[in-house]
Amino acid sequence: MVTEVVNEDENNQTAETQSKKAAKKQAKDAAKAAKKAEHKAANLTAQQSEDVGEDYSVNLYGITKMIQSSYKNSERKFVPVSKLFTLKDDELIWVRGRVHTSRSKGKQCFVILRQHSSTVQCVIAVNEKISKQMVKFSGSLARESIIDICAQKADVGAKIESCTEQTFELHVHEIYLVSAAKAQLPLQIEDAARPEKSSDDSEALKIRVNQDTRLDNRVLDLRTPANQAIFRLEAGVCKLFRDILSNKGFTEIHTPKIISAASEGGANVFTVSYFKESAYLAQSPQLYKQMAIAADFDKVFTVGAVFRAEDSNTHRHLTEFVGLDLEMAFKYHYHEVLETIGNTFTEIFKGLRDNYAKEIEAVGQQFSVEPFKFLEPPLKLEFAQAVEMLREAGVTMDDEEDLSTPSEKLLGRLVKAKYDTDFYMLDKFPLAVRPFYTMPDPNNPKYSNSYDMFMRGEEILSGAQRIHDPDYLTERAKHHNIDISKIAAYIEAFRFGCPPHAGGGIGLERVVMLYLGLDNIRKTSMFPRDPKRLTP
C-alpha cells in the first residue's frame with residue numbers, strides 16, 4: 001500500500017510537469033499566432049489604404065467605350081511599331097497593338113506590345129502622374145487584348161532581347177483597353193511561334209502546338225510572326241505574277257466557277273444544285289482561258305479559286321486552292337509559251353529574294369528554310385531524259401507511265417545533285433496521261449506537246465499546247481468519253497478561227513510551300529479545305 005501511494009504521487013508530479021509544458025507551449029503558439037495576425041491585419045490595412053487612396057490617373061487609363069464610329073479622334077497620331085525608331089525621344093505618340101505579355105514588378109508594369117510581327121517593351125511606372133491603380137490596371141490586361149497607348153520613346157542601355165525593337169522602350173502616359181481577349185486562350189502565341197528546329201539545349205521548352213489545334217484556332221495561329229510573314233510573301237507571289245505578266249502584255253480575266261461540265265473530263269468534281277439542273281464547281285479555268293484566246297485577247301491570266309473533289313489527305317493536296325493560270329497565243333511553236341512561263345517563274349523567284357528577305361528570315365526563325373536555288377534561264381529536260389535518270393537510280397517504270405510522287409521527289413534530288421537547281425521544267429509528257437485538249441506530239445504520237453514544272457521535286461504547274469482545231473478537239477474528247485453536248489459551246493468557239501496557243505495552271509499555296517521549304521500545304525493556306533476540314 002505504501003508503494004502504491006508513492007507511485008501515485010510520482011505520477012501526479014509527472015502529469016503536472018507535462019501540463020505546465022503544454023500550457024507554456026500553447027501560450028507561446030498563441031502569442032505567435034497573435035503576432036502573425038497583427039502583421040496580416042497591418043498589411044491588409046496598408047493595402048486597403050493604398051486601394052482607397054486617391055487615384056490621380058483616373059482619366060489616363062480605362063476601358064474604351066465600344067467603337068461605333070461616333071467620333072474620329074483625328075488629333076491622335078498613331079505610329080506603327082516598326083517605324084518607332086524614326087521618332088525623337090521626347091515626341092508624344094499613340095500606338096495600337098496587342099498585349100503580347102505583361103508582368104508587374106513592385107510599382108512598375110512591363111507590357112510587351114505586339115503589332116503584326118513587331119514588338120516593343122512598354123513601361124508603366126508609378127510617379128506623380130501615374131497612380132498605383134493605373135499600374136495595377138495595366139498588369140491585369142489579358143494577353144492578346146488590343147490596347148491604345150500614349151507614350152514617349154526612351155533609349156535603353158542594354159538590348160531588349162525579347163523584342164524586335166531592342167534599343168528603346170516606350171514610357172506610357174495613357175493606356176486604354178480597346179478590345180478584351182478571353183483570359184483563357186486555346187493556345188499561346190509563344191508556343192505556336194516556338195522554333196521547330198531541334199534545340200541543342202536539353203532544358204529548352206519542348207511545348208509544341210499540333211496542326212489540328214492550330215487550324216481549329218486559326219485566327220490565333222495566324223498571329224505568329226512566321227504566319228504573318230508567310231501570307232505577306234504569298235501576297236507578294238500574287239503581285240509579282242500579276243505585275244510580270246501585265247508587263248509582258250497579258251490581260252487579267254475572270255472566269256466562271258459554276259460550270260455545266262467537268263473542266264477536265266474527270267470525275268473528281270463537286271456537284272451543286274443549279275435551279276432544276278446540276279452544275280459543277282470548276283476544276284480549272286482552262287476552257288474559258290482558251291475561249292478568251294479565241295476571242296483575240298492573245299495573252300491572258302487569271303487568279304481565282306479552283307476546286308478538286310479528290311479524297312487526298314496528303315501534305316500537298318487541298319480541295320480548294322488558289323490557281324494562277326495563264327494562256328498565250330503563239331506563232332509556230334509552243335516553246336514560245338514554255339519559255340515565257342519559265343522566265344516568269346525566274347522573275348518571281350528574283351522578286352521574292354530581293355523584296356521579301358525580311359519575310360523569308362521571319363519564317364526561318366521558326367522553320368528550317370534552305371535558300372531556294374534556281375538557274376537563269378531555267379533548266380529544261382524532256383520526259384524521256386527524266387525516265388532515264390530514274391532508271392539509272394534504280395526505278396522501274398514504263399516509257400509512257402506518269403511520274404509517281406516518290407519518283408517526282410527522287411527526280412528532284414537527282415536534278416539538284418546534277419544541276420544545282422530547285423526549279424526545272426519537264427517537257428514532252430506521254431499523251432496517255434494528259435487531258436483531252438492536249439496537242440499530241442507530231443513526231444511521236446505516244447507523246448504530247450505538254451510540260452510540268454517542279455520546285456524541290458514537286459509539281460507546281462501543269463500545261464500544254466491546246467488543240468485549237470474543232471474537229472480534232474471533238475475527236476479527242478470522244479476518245480476520253482466526254483459528253484460532247486456538255487462542251488458544245490467550248491468546241492463551237494474554235495469554229496470561228498482560233499490561233500495556236502498554250503498555257504498552264506499553277507497552285508499558289510504549293511508554290512509558297514515549296515519556295516519556303518515547308519512540310520505541309522496547310523501552312524500556306526489561310527483557311528485550308530481538305531476532305532476532313534470544312535471549318536473555320
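Mentor: Let's start in helix 6 (residues 225-247), where K239 and D243 are 4 residues apart, so about one helical turn separates them. Helices are DSSP runs of H or I with at least four residues, strands are E runs with at least two, and both are numbered from the N terminus. This is a predicted model, where local features need pLDDT of at least 70, side-chain atom pairs count only at pLDDT 80 or more, and totals for chains, interfaces and linings use all residues. Residues are numbered from 1 along each chain as its sequence is written, and side-chain values use heavy atoms, with hydrogens and water left out.

Trainee: What do the side chains of K239 and D243 form where they meet?

Mentor: The general idea is that an α-helix has 3.6 residues a turn, so residues three or four places apart point the same way. Side chains of opposite charge can pair when their charged atoms come close. Here K239 and D243 make a salt bridge, at 2.7 Å from N to O. That term means a side-chain nitrogen of Lys or Arg within 4 Å of a carboxyl oxygen of Asp or Glu.

Trainee: How many salt bridges does the structure hold, and which parts does the pair of R533 and D212 tie together?

Mentor: There are 31 salt bridges in the structure. In the one between R533 and D212, the closest N and O atoms are 3.6 Å apart. R533 sits in the segment after helix 14 and D212 in helix 4 (residues 211-216), so this pair ties together parts that are 321 residues apart in sequence. R533 is buried, at 11% relative accessible area, while D212 is partly exposed, at 48%.
Another case is R522 with D530, whose closest N and O atoms are 2.8 Å apart. Both R522 and D530 are buried. There's also a network: salt bridges with shared partners join K289, D325, E327 and R466.

Trainee: Where do the buried residues of helix 10 fall, seen down its axis?

Mentor: In helix 10 (residues 383-392), the buried ones are F383, A386, V387, M389 and L390. Seen down the axis, these fall within an arc of 160°, so they line one face of the helix. The arc is taken over the directions from the helix axis to the C-beta atoms. Strand 13, helix 11, strand 14 and strand 16 (444-448) are among the elements covering that set.

Trainee: At what angle do helix 10 and helix 11 pack?

Mentor: Two packed helices are described by the angle between their axes and the distance between the axes. For helix 10 and helix 11, the angle is about 90° and the axes are 10 Å apart. Axes are lines fitted to C-alpha atoms, for helices over the stretch in contact, and angles run from 0 to 180 degrees between N-to-C directions. The two helices are therefore roughly perpendicular; that label covers 65 to 115 degrees, with under 35 roughly parallel, over 145 roughly antiparallel and the rest oblique. At the contact, A386, M389 and L390 of helix 10 meet S407, L410, L411, L414, V415 and K418 of helix 11.

Trainee: Last topic: which backbone angle of F275 has a positive value?

Mentor: Most residues other than glycine have a negative phi, and most peptide bonds are trans. F275 has a positive phi, near 55°, and lies in the loop between strand 9 (271-274) and strand 10 (277-281). F275 is exposed, at 74% relative accessible area. D420 also has a positive phi, about 55°, and is partly exposed at 39%.
For peptide bonds, E376 and P377 are joined by a cis one with omega about 0°, and the bond from T535 to P536 is cis, with omega near -5°.

Definitions and conventions. Buried < 20%, exposed > 50% of the residue type's maximum accessible area, 1.4 Å probe, protein only. Contact = heavy atoms within 4.5 Å.
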